[in-house]
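Here is a structure to walk through step by step. Keep the 3D view open as you read.

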Amino acid sequence: MKQQQFIEHHRSVWEALRQTLDELEKPPRRRDGSDLERLPELYRRVCADLALAKERRYSSGLVDELHDLAMRGHSVLYRRKSLWWWRVAIFIWVVFPSTLRKNARLFWLATALFYLPALALGGLCYHNNDFIYTVMSPHQVAQMEYMYDPGNSKLGRSEARESSTDFEMFGYYIWNNIGIGFRTFASGIFFGIGTLLALLFNGVTIGAVAGHLTELGFVGTFWPFVAGHSAFELTAICISGTAGLMLARALLVPGRRTRGEALRVEAAAAVQLIMGAALLLLVAAFIEAFWSADGAVRPVLKFAVAALLWLSVVLYLSLAGRGRDAA
Amino acid sequence: MLNAPLDTVYTFETPEGVDLGLRIAGPVPRALAWAIDAAIRYAVVFALSLAIFSLAKLGFGIFLVVLFLLEWLYPVFFEVTRGATPGKKALGLVVLHDNGTPVGWTASLIRNLLRVVDFFPVLYATGLASVLINRQFKRLGDLAAGTLVVYADQGRTSVAPQAAEALPLPVAVSVDEQRALLDFAERSSALAPARVAELAQILTGENGAQAVHMVHGYACWLARGR
């Protein structure tokens with residue numbers, strides 16, 4: 001068949017597909033309700049025409065036209081759409097906790113990499129007043145001591161601190177903490193070195209600060225402040241680390257896959273964890289800004305709430321969506 | 001294929017059994033697209049900082065939340081809802097999965113969270129190295145997410161060859177040569193007349209307009225027969 005005849009013979013199908021695609025590429029509420037059911041049939045016919053046009057060496061212009069039409073059809077037919085709120089619910093209840101449980105060994109590794117240096121530095125700084133200067137500059141130490149000094153009431157909302165400051169800090173925690181979580185994850189692609197350093201560094205700093213302030217006797221200001229959001233924040237750091245270590249595992253021990261293939265598979269699972277960690281950090285930022293900072297609440301109540309929050313995080317991560325893991 | 005052309009077209013097979021080709025975008029258009037996006041982001045940050053200056057501390061909280069969203073999720077939002085960020089749109093680029101389907105949340109999140117390691121240590125040095133090593137111009141984020149940045153070839157239409165009297169070919173030609181003749185007829189309107197004449201002269205040995213007329217005749221013969 002000559003090209004011209006071929007075009008005349010099939011042009012109507014191509015035009016029909018073009019119109020259907022024009023319609024389907026609009027957002028659903030702006031469609032005029034014309035017949036869209038024919039998409040798969042029209043698309044397959046254009047694919048067949050494209051294959052024929054290529055095989056018969058028809059002109060590039062014609063092949064390109066059919067190619068672009070097939071490409072548009074492919075994009076529309078194979079795009080994935082589902083109810084976003086349902087996906088969010090499934091993610092929170094099933095996908096995130098079950099992905100974490102599947103990678104429990106890496107989670108415990110990340111947890112150890114974070115808490116062991118924290119405990120070690122905490123102990124050292126508690127027993128030796130000057131040890132903190134080995135990991136922090138004197139300026140930082142002075143700033144941190146000033147922040148938690150029971151002698152100033154900056155922490156408490158009661159007088160010096162207004163609720164607008166709470167919101168300012170909320171924004172800061174979002175920007176800073178979730179950013180740290182994301183970087184901890186991403187730097188795992190450098191064979192895990194970035195994630196490793198991030199976990200160790202955070203563990204060392206947090207442990208040193210906690211040990212030093214306890215030794216100074218700032219127990220009444222420091223611990224009630226951090227107890228509440230620590231359940232979410234510290235767990236989220238460990239989970240970000242887990243996600244980063246998953247990237248490293250794909251590159252270091254790909255198993256019976258190429259490194260590229262292993263990386264794609266692991267990254268798809270790891271991104272679920274980092275999104276979950278971001279959600280936990282969002283909750284942590286909320287608690288830290290609006291609850292932890294409230295100086296009017298008695299420390300006993302703060303510790304009670306903190307215990308409850310820790311319990312709920314542990315229960316959520318270990319039990320939520322159990323039995324639906326395969327879904 | 002013998003003598004495969006040196007090209008950046010990446011082909012994948014659809015479930016319908018046809019090969020679709022994607023033209024992969026190289027580092028230069030992608031860098032320009034990034035620069036446009038960066039300009040947009042800075043403009044938003046600047047405008048916002050003026051607008052909320054009066055709100056003091058509450059405003060600063062909002063400012064930081066917006067800064068976070070712009071820094072991490074701006075590309076994700078546009079890639080998933082529009083196929084590409086405004087910068088990429090301006091350069092005619094689009095982000096797709098390796099199998100040619102539009103990019104989804106998971107892949108877009110992976111490639112944009114890993115942007116920070118591609119940026120490492122300065123100005124996308126790691127990403128550039130990865131793009132130059134990789135056959136499909138993938139930065140680390142693209143490798144992990146399984147995504148491609150390609151030119152959005154949409155809606156090219158064939159041009160009818162210039163009407164001419166069909167002229168039988170004096171010699172037998174191969175299918176690829178037939179295709180070259182058809183392409184010449186289709187594209188001659190986009191070329192300089194002198195160049196068209198020059199090419200036709202090489203083929204026919206005739207001069208100027210006469211040569212062009214002959215080649216168009218051959219093309220018509222191939223396209224619609226007698």
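In chain B, strand 1 and strand 2 (residues 19–23) run antiparallel and are joined by 5 bridges. Bear in mind that this is a predicted model. Now pick out one pair across the two strands. Val9(B) stands opposite Arg23(B), which belongs to strand 2 of chain B.

Next, follow the chain from one strand to the other. Strand 1 and strand 2 of chain B make a hairpin, and 5 residues lie between them. Gly17(B) sits in that turn, with a positive phi of about 85°.

How many residues of strand 1 of chain B are buried? The count is 0 among its 5 residues, 9–13. Strand 1 of chain B is hardly covered.

Turn to chain A. Chain A is divided into domain 1, residues 3–77, and domain 2, residues 84–319. The centres of domain 1 and domain 2 of chain A are separated by 52 Å.

Now bring the two chains together. On chain A, 53 residues are in contact with 50 residues of chain B. Which elements of chain A give two or more residues to the side that touches chain B? They are helix 1 (3–24), helix 2 (39–55), helix 3 (60–77), helix 7 (163–186) and helix 10 (259–292) of chain A. Helix 7 of chain A gives the most, with 15 residues.

Last, look at the kinds of residue on this side of chain A. The side that touches chain B divides into 26 nonpolar, 15 polar and 12 charged residues.

Conventions:
Residues are numbered from 1 along each chain as its sequence is written. Chains are lettered from A and ligands numbered from 1 in the order in which they are written. This is a predicted model: local features need pLDDT of at least 70, side-chain atom pairs count only at pLDDT 80 or more; totals for chains, interfaces and linings use all residues. A residue is buried if 20 or more other C-beta atoms lie within 10 Å of its own, exposed if 12 or fewer, and partly exposed in between; C-beta atoms are placed from the backbone. Helices (H or I, at least four residues) and strands (E, at least two) are DSSP runs, numbered from the N terminus. Two strands pair if DSSP finds at least two bridges between them. Domain bounds come from an automatic or database domain assignment. Two residues are in contact if their C-beta atoms, placed from the backbone, lie within 7 Å. Ala, Val, Leu, Ile, Met, Phe, Trp, Tyr, Cys and Pro count as nonpolar, Asp, Glu, Lys and Arg as charged, and the others, Gly among them, as polar.
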